[in-house]
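Subject: Structure handover

Hi,

Here is the structure I promised you.

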Amino acid sequence: MSTRTFKIWRGDSRGGEFNQYDTDVDEGMVVLDVLHRIQALQVNDLAIRWNCKAGKCGSCSMEINGQPRLACMTRMNSFGPEEVITVQPLKAFPIIKDLTCDVSWNYEQNKRIAPFKPKPRGRDGEHRMYQQDVDRVQEFRKCIECFLCQDVCHVVRDRDHRDAFVGPRFMIRLASLEMHPLDDDDRVPEIKKEYGSGMCNITKCCTETCPEHINITDNGIIPLKERVVDRYYDPLARLARLFAGRKVRTKTRTEEQSR
Amino acid sequence: MNVSEIQTFEHDVLVIGAGGAGLRAAIECSARGLNTGVISKSLLGKAHTVMAEGGMAASLGNVDRRDNWKIHFRDTMRGGKFLNQWRMAELHAKQAPERVRELEEWGAVFDRTPDGLISQRNFGGHRYPRLAHVGDRTGLELIRTLQDHGVHQGIHFHMECTALRLLVDGGRIAGVAGYWRDTGRFVLFRTSTVIMATGGGGKAWNVTSNSWEYTGDGAALAYEAGAELMDLEFTQFHPTGMVWPPSVRGTLVTEGVRGDGGILLNNKGERFMFNYIPKRFAPETADTIIEADKWPDDPSARRPPELLTRDVVARAIRAEVQAGRGSPHGGVFLDIASRRPADSIKRKLPSMYHQFKELAEVDITTTPMEVGPTLHYFMGGIRVDADTQQTNVPGLFACGECAAGLHGANRLGGNSLSDLIVFGRLAGVGVAAYLSELGTTPRADDAQIISAYREATDILNRETGENPYLMHEALQDVMSTNVGIVRTGPELQTAVEQLKELKVRAQNLKAPGTSQYNPGWHEALSVKSLLIVGEAVARAAYIREESRGAHTRLDFEGEREECARFNVVTKKGPDGEMQVDKVERPDPPKKLAAIGYATLEELEGGQVE
C-alpha cells in the first residue's frame, strides 16, 4: 500500500477547478478503484460514470494525465511512483458534472444511420455467411461505444465540424453495415454526403486510442473512402458502368426526395 | 410540491431496464403498436448484458443435428434440479431458436460453422454444442443488435433515469415515479403497465461479477407494490471469477474457457473435478482423464467433469481451497494454455486474453489463470405467469433475470441470454393482451407521488447521517459472511437480525451535496433495494431445509424429496413485515414430465413423445 496524489476536476457546465486528494492505493488497483475510494471516503458526490469495471461496457471514459482512457483499464502501476495523477472529463463533449459529460450527441448520430436491411433468406430458410467473410465485420462490432475515438478525433473535437462528420465510432458502424455480407442497402452516397467520410484526414488518433484495438482507420474508414472514390471519382469505373448499362445511386435519399 | 409541475410522460407501457430483456420487451411492445417508454439507470447499451460472454443456448442443431428442444428442455430441468416452472422451461426451449435467428435478421453477426451457419459451442450442463456465440463477447453482440434495431422502432428511450416507486390505483399499476440521474430532477411516468427488466441483486455480496446497477431494484419495487417474489434462496455462484488482483476479485471468467477445453487444477496439479461427480450426472460424465481428453472429437467419450453444472463446480472449488489445495490467492487454477494453441485461444477467447493481460498481467496462452467462485446470478426473482410474464399485481410484468421460474435451483450457462429474448418478447405480448382488455385507465393519486419524492429527498436534506457507501459495504459483509455459497440455519438467522439493524440505520442515510449527478445519493437509494432483496434471500434460504442446486445447507445435506414439492414465495405481509411461505408446486404436465425424467437413451432413441 502507498499514498498517491490525485488531481480531479470538479465542477459543472458553469465551470470548475482541479482539486487535490491524497489516498491509499493497494496492489493491483486501477484508476477507477482509486476514484471509488476517494468517492466513498472523501467526496461522496464525486460524479463518475462506470458499469462493468472490466473494459467491456465503455462507460468510464475520461482523460487521465491528458490521455483519453478507460479508468477501469488503467493500472496504477503504469505510473511512476511519485507521479501525480490528473483526471478530467472528456474534452469533446459538454460537461455535466465532475468526470461525467453529455454524450447524447453520439446517440443522435447513431440514430441517423439507416438500419440493417437483410437480404432474403436462402431456400433452406437459412442465412449463410462464412467466417472469413464476417471476420472484418466482427472486428468493428467489438466496439464498446466508449467514445474515446470521438474524443480524440480532431474533426469532432472542433465543434464547428460536428454536423459534417459523424466521427470514427460511427464510421466503423457504417463500415460494419456496408461490409456485412447480408446487408442489402447501398450506403455510399450517404457515407460521402451525410456522414462525411471526406472529413477524416487519416491522422489515426482514433485507432491509437481504441481500447478494443479496432483498426478503425485502415480497416474501416479508408475502405469506405475508397468506395466513395470508386463511385464518384473513378472515370474508368464510370465508363465501365456506362457500357454495362449499370446504374448506381449518386444522390442521397434526401436529395432524391427533394428533387 | 405540486404534481402538475413535475415533468410527465404518458406511455402505454414503461419498461424499466435496457438490458437484453428490456430491449427485447420494448421492441415487442412497439411492434404491437404500443406507445413504449424505456428507462435505464445507465446509458443505452451499457447494461450488464454486455458482460455475458459465452453465448445463448438454442437447439438450432447446427453443429450437432441430434439436438432438439426436448433435449434442451431436459438439460434445463436437470440443471435446475427440477424446481423450474415446467411451462417456462418448455417455452424457452421451444422458442429460443427462433429468437436467435431473429437476431440475425436484425444484424447480429454470430461466429459461423464451416458451412456458413450460426456456430454453437459446448457449455456446462448442455448435452450438445448449443450456444450461439461471438467469441467471448456474445452479450455485447446481443445488446448492440437490439439497441441498433430498437432505436428505429419509435421507442422512447429515457437514459440515466431511475425508478423510485411503482404507483398504483386500486391495486393496479398506474405509473412510475422516477428521477433523472444527471440533473437530479423528478420525472413522472403515467402508464397502465410496467415491465420490470432490472436484472438481479448481486451487489449485495462483495465478491460478485455484477456491476453497480445490480441492486435488486426491480424485485424491491415490485415487492413494495405487493408482488410476490419466488426462489430467492437460489443465488448462483459462478465457479470462475478472477481472484487476483484484489480490485478485480469476482470479475467473470467465462465458462467458455472450459467449454473450449480448459481444465481445473489444484495446487498439486490434480484435475480434482473427477472427485466431485454427483450421482445424477455420473452416467453422462467421463470418469477418467483418458476419456475426458477424447471429448469432443470421439463421439463415444462422455463430457469432462469440468463441464458439470455451475453449482457443482463452484462447491468443488470451495472444497479444494478449504482443504488447503488452493492457488496462492485462494482460488484454483484454470488452465487453457497447455490445452490449446496460443492463436486459437486468442481467437476463441479474445476478451479473456485481454482481461487477464490488462488487469492481472497474466498471459493466458502461457500461464494458468487463478479463479474462484463469484456471486453471478439470481435464479429467483419476481413471480410471474409462465405464458404472459404477468405478476400478481395487475399491469406489472417481469422478464429476464429479475423474474423467477425458468432456471429453478440452478441456471445453466447460456440459458440466460436466451431467457432474455424469449421472455422479453413474451412480456411484450402479455402487456398488449392486458391493455386490450383494460377498462378504465388507472390513475395514481398525488399523495403517493409526493411521498415517493419526499422519501428520496430526505436523504439529501438531512443534516447528518450514515455514509451510504459504508452502509453498502456493511450489507455486503453481512451477506458474504452469512449467506454465502454454503449456509447454515444459525448464520442465516444472524443475517436476518443484522439486516434488521441495518434497515433501522438506513432510515438515517445522508448524501452530501446537491441532487445533480450525485452518486452518493444514488447509492443510498440502491441500498434500500438491496436491504429488501438481501433479507428476502436470507429468509428464503432459511426455510429451505435441504441442499439443492445453488442452495447448499451444511445443516441439511442433500436433496430432500419433500422439498421438491414447493417453491419459496416471499411477499410483504399485511403488517408490513416480510412473509415467507412454501407454496406447493402443481403436478407437471404428463408429457413434459416424461421428457424431463427420461434417460438420454430413451429421449434420443425417440421413445418419448
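The largest nonpolar core in this predicted model holds 247 residues, and the members that touch the most others are Val194(B), Ile195(B), Met196(B), Ile382(B), Ala398(B) and Cys399(B). Helix α15 of chain B (residues 519-543) gives this core its largest share, 14 residues. As you'll know, nonpolar side chains tend to be buried together in soluble globular proteins.

Now for where the two chains meet. Chain A puts 47 residues into the contact and chain B puts in 48. On the chain A side, α1 (31-41), β6 (95-97), α2 (104-112) and α3 (131-140) each supply at least two residues. The largest share of that side comes from α3(A), with four residues. By class, the side of chain A that touches chain B has 21 nonpolar, twelve polar and 14 charged residues.

That helix also has an inward-facing story. Which residues of α3(A) are buried? They are Val134(A), Val137(A), Glu139(A) and Phe140(A). The elements covering them include α6 (168-178) and α9 (216-232) of chain A.

Chain A has eleven helices and seven strands, and its C-alpha atoms fill a box of roughly 75 × 45 × 30 Å along the principal axes. Of its 259 residues, 44% are buried. Among contacts in chain A with a separation of 6 or more, 63% are between residues 24 or more positions apart.

Next, the domains. Chain A splits into domain 1 (2-101) and domain 2 (104-258), with 33 Å between their centres, taken over C-alpha atoms. Twelve residues of domain 1 and 13 residues of domain 2 of chain A make the contact. The domain 1 side of it consists of seven nonpolar, three polar and two charged residues.

Chain B is assigned domain 1 (16-195 + 207-236 + 376-436), domain 2 (238-374) and domain 3 (446-566). The centres of domain 1 and domain 2 of chain B are 28 Å apart, again over C-alpha atoms. Here the contact takes 21 residues from domain 1 and 25 residues from domain 2 of chain B. On the side of domain 1 of chain B that touches domain 2, I get four nonpolar, twelve polar and five charged residues.

The axes of α13 (residues 468-482) and α14 (residues 489-506) of chain B come within 9 Å and cross at roughly 170°. An angle over 145 degrees counts as roughly antiparallel, so that is how α13(B) and α14(B) lie to each other. From α13(B), the contact uses Met471(B), Ala474(B), Leu475(B), Val478(B), Met479(B) and Asn482(B). The residues from α14(B) include Leu492(B), Ala495(B), Leu499(B) and Leu502(B). Overall, the contact of α13(B) with α14(B) has ten nonpolar, three polar and two charged residues.

Most residues other than glycine have a negative phi, and most peptide bonds are trans. These are the exceptions I noted:

- The peptide bond from Trp244(B) to Pro245(B) is cis, with omega near -5°; Pro245(B) is in the loop between β13 (235-242) and α6 (256-259) of chain B.
- The peptide bond from Trp295(B) to Pro296(B) is cis too, with omega near 0°; Pro296(B) is in the loop between α7 (289-294) and α8 (310-322) of chain B.
- Lys204(A) has a positive phi, near 65°, and lies in the loop between α7 (188-193) and α8 (205-209) of chain A. Lys204(A) counts as partly exposed because it has 17 C-beta neighbours inside 10 Å.
- Lys81(B) has a positive phi of about 55° and lies in the loop between α2 (69-79) and α3 (86-105) of chain B. With 23 C-beta neighbours inside 10 Å, Lys81(B) counts as buried.

Cheers

Technical notes
Residues are numbered from 1 along each chain as its sequence is written. Chains are lettered from A and ligands numbered from 1 in the order in which they are written. This is a predicted model: local features need pLDDT of at least 70, side-chain atom pairs count only at pLDDT 80 or more; totals for chains, interfaces and linings use all residues. A nonpolar core is a set of buried Ala, Val, Leu, Ile, Met, Phe, Trp, Tyr and Cys residues joined through C-beta atoms within 7 Å. A residue is buried if 20 or more other C-beta atoms lie within 10 Å of its own, exposed if 12 or fewer, and partly exposed in between; C-beta atoms are placed from the backbone. Two residues are in contact if their C-beta atoms, placed from the backbone, lie within 7 Å. Ala, Val, Leu, Ile, Met, Phe, Trp, Tyr, Cys and Pro count as nonpolar, Asp, Glu, Lys and Arg as charged, and the others, Gly among them, as polar. Domain bounds come from an automatic or database domain assignment. Axes are lines fitted to C-alpha atoms, for helices over the stretch in contact, and angles run from 0 to 180 degrees between N-to-C directions. Angles under 35 degrees count as roughly parallel, over 145 as roughly antiparallel, 65 to 115 as roughly perpendicular and the rest as oblique.
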